[in-house]
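Visitor: I'd like to go through this model with you. Can we begin with the terms and then look at the ligand?

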Amino acid sequence: MDFKLLIGGTLVDGAARMPVINPATGEPFADCPRADLAQMEQAVSAAKRAFPGWRDAGNTARHDAMGRLADAIEARFAEFARTLTAEQGKPLAQAEFEVGGSIAAIRYFGAQELLPETLVDEAGSLVVEQYYPLGVVACITPWNFPLILLAIKVAVALSTGNTVVAKPAPTTPLTTLLLGECAAATLPAGVFNTIVDANDLGGALSAHPDIAKISFTGSTATGRKVMASAAATLKRLTLELGGNDAAILLDDVDLDDVAPKIFQAATYNAGQVCMAAKRIYVPRQLVNGLCDRLVALVQSTVVGDGMDPATQIGPIQNRMQFDKLRDLCEDSKQQGDVLTGGEILNRPGYFIPPMIVRNLPEAARLVREEQFGPLIPILAYDTVDEAVTRANAVEYGLAGTIWGADPQRAAAVAGRIETGTVWINKHLDLRFDVPFGGVKQSGIGREQGRHGMKEFVNTRVVSLAR
Ligand code: ADP
C-alpha cells in the first residue's frame, strides 16, 4: 500500500520515506512518506487558504461534509482496524473499537453547533456572547490511540469552522494518512492536511505564526516544549499530557468484583493509556486478597500479536518505551516484591506481560513516574486520609478512581482528589458530551463536551444599547 501525505487537497509523496515498524515483530512492515520543512509550510499555507471558505460555508455544509468523511472511513473500516493493529500493536478488537469511536466522534461533533448565548437581556441592554473559529489548528497526536485522539481533535476543530494540519507520532503515522485519504475525497481542498515527521517538525509547527491553536496530546515533557514554542505568538493551547492516576480501594470493596476491573484499568492497551490506573492503594488487610486475584488474572491473560484473535494484551508500541519499561521492571525487582511478570517474552517484538509488584517504597520509580505500561504497583495504606494524601502527592493530576460498596462514602473521597476526573466504581468512561483534561502537570484545557468545543473558538461579546 502506497501511503501519501495530504497537502492542499492533493495526495503527495513525502520529501523522503521512512519505515514503519510492527511492534509485534520489531520489523518494518510498511513505509510512509516523511515531510520536510517545505512540505510543512505548504500544509500550513493550504490550511490558511482554505480557512475563510470553510468558516463561511456554514454549519450545515460543514456537517454534511463531515458526515461524508465519517462514511468514507466506515467504508474502509476493516482496513483502518488492521492498519491500526499493525502499526500500534493493540488487539484487533480494540482497534475496531477505536475506529468505531473515531467515526462516532466525527458524526457527533459534526452535528454540534456553538450557538450564541445571551448574557444580558434587559431594558436598555442586550449582551450576547458569540463564538467564531480561530483559524488553522495543528493537531499533534501520540502513538497510544493514534486514530481516536486525532478524530476527536479534528471533529471539534472542523465542526467549529477551523482548518487543520495533523501531525501523528512518527511510530504510528499510517491511520492518520488513511484519514487523509478519506478527507481528500470528502472535504474541500486544504481543510484537512497531514504531515509526517521523524520528531523533527513539531517545534516549527508549534511556533508557526499562521497556526492559531495547538491541540496536543502527548507527554508532559513534550507538552512543555510545545508551550514554549507557542509563547512567541500567544497561541491557544490545549495540552493533554501524562498522568499517574491512583486507584483507591476502600475497605468495604468487593475484591472479586473489583480486581478484574482494576486489572483492566491498568492493562488496557498494554497500560499505554494516559488515564490508566497506575498506582493501586489498598487497605493493608486487603493487599493479599487483591494480589492473589491479580496474579491469577495475569496468569490467565494472553499476551501476543494483536492480529491473533486470542490476544488480550498486545506488545508495547515502540522500542524506546519497551526499553524504559524494562528499566522500570529491573528497578521494581530491586526495591519491591514482584509477584508475577516483569520478564520480557523470549520472542521478537516488544512484549512485556503484566507485572504485579508489592512492598515498593513510595519513592520507587514505578510509584513516582508514569510507567505507561502494564506494570502494576500495589501499595498498602492504613487510613483513608493517608491514601488521599499519597494519591495527591504527585506532580500529575489527570484522573483517578475510587472503589467501594458505599457510593456516598466513595464520593466523599473522590471530592478530595486533585485531578480533572475521578471515576467511582468504573473507569475509562469517556463521553463526547463530557469534558476531559488534567490539572497540575497533566495539562491545560479540556477536550470534548461544550467546554472542549469552546477551546476551538474565539469569544466575542456584542453589547448593544437599546
Ligand atoms: P511520547 O508519548 O512518546 O513521549 P511525545 O509526547 O514526545 O510522545 O510525542 C507526542 C507528539 O508530539 C508526537 O506527535 C511527537 O512527534 C510530537 N513532538 C515531539 N517533539 C515535539 C516538539 N518539540 N514540538 C511539538 N511536537 C513534538
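Guide: Terms it is. Helices (H or I, at least four residues) and strands (E, at least two) are DSSP runs, numbered from the N terminus. This is a predicted model, where local features need pLDDT of at least 70, side-chain atom pairs count only at pLDDT 80 or more, and totals for chains, interfaces and linings use all residues. Residues are numbered from 1 along each chain as its sequence is written, and side-chain values use heavy atoms, with hydrogens and water left out.

Visitor: Where is Asn359, then?

Guide: Asn359 is in the loop between strand S15 (355-358) and helix H12 (365-368). Its phi is positive, about 60°, although Asn359 is not a glycine.

Visitor: What about phi of Lys440?

Guide: Phi of Lys440 is near 50°, a positive value in a residue other than glycine. Lys440 lies in strand S20 (residues 439-440).

Visitor: Is Lys440 buried, exposed or partly exposed?

Guide: Lys440 counts as partly exposed because its relative accessibility is 36%. Buried means under 20% relative accessible area, exposed over 50%, and partly exposed in between (1.4 Å probe, protein chains only).

Visitor: On to the ligand. How many residues surround it, and which are the closest?

Guide: 18 residues surround the ligand. The closest are Thr141, Trp143, Asn199, Ser219 and Thr222. A residue is near a molecule if one of its heavy atoms lies within 4 Å of it.

Visitor: How do the shell residues divide by type?

Guide: Seven nonpolar, nine polar and two charged. Here Ala, Val, Leu, Ile, Met, Phe, Trp, Tyr, Cys and Pro count as nonpolar, Asp, Glu, Lys and Arg as charged, and the others, Gly among them, as polar.

Visitor: Which polar side-chain atom lies 2.7 Å from an oxygen atom of the ligand?

Guide: One of Trp143. An N or O atom in the side chain of Thr222 is 2.8 Å from a ligand oxygen. A polar backbone atom of Gly202 is 3.5 Å from a nitrogen atom of the ligand. A polar contact is a pair of N or O atoms within 3.5 Å; within protein, one must be able to donate a hydrogen and the other to accept it, and residues adjacent in sequence count only if both atoms are side-chain atoms.

Visitor: How much of the ligand does the protein bury?

Guide: 81% of the 560 Å² that the ligand exposes taken alone. Accessible areas come from the Shrake-Rupley method with a 1.4 Å probe; for residues, only the protein chains shown count as cover.

Visitor: Which elements give two or more residues to the shell around the ligand?

Guide: Helix H7 (202-207), strand S10 (213-217) and helix H8 (220-231).

Visitor: New topic. Where is Lys278?

Guide: In strand S13 (residues 277-283). Lys278 counts as buried because its relative accessibility is 1%. The Lys278 side chain reaches the backbone oxygen of Gly243 at 3.4 Å.

Visitor: And where is Gln272 found?

Guide: In the loop between helix H9 (255-267) and S13. With 0% relative accessibility, Gln272 counts as buried. Gln272 and Ile152 are 120 residues apart in sequence, and their C-alpha atoms are 18 Å apart in space.

Visitor: What separates Leu255 and Ala265?

Guide: Ten residues along the chain, and 15 Å between their C-alpha atoms. Leu255 is in helix H9. Leu255 is buried, at 9% relative accessible area.

Visitor: Last one. Where is Gly404?

Guide: In the loop between strand S18 (400-403) and helix H14 (407-414). Gly404 is buried, with a relative accessible area of 7%.
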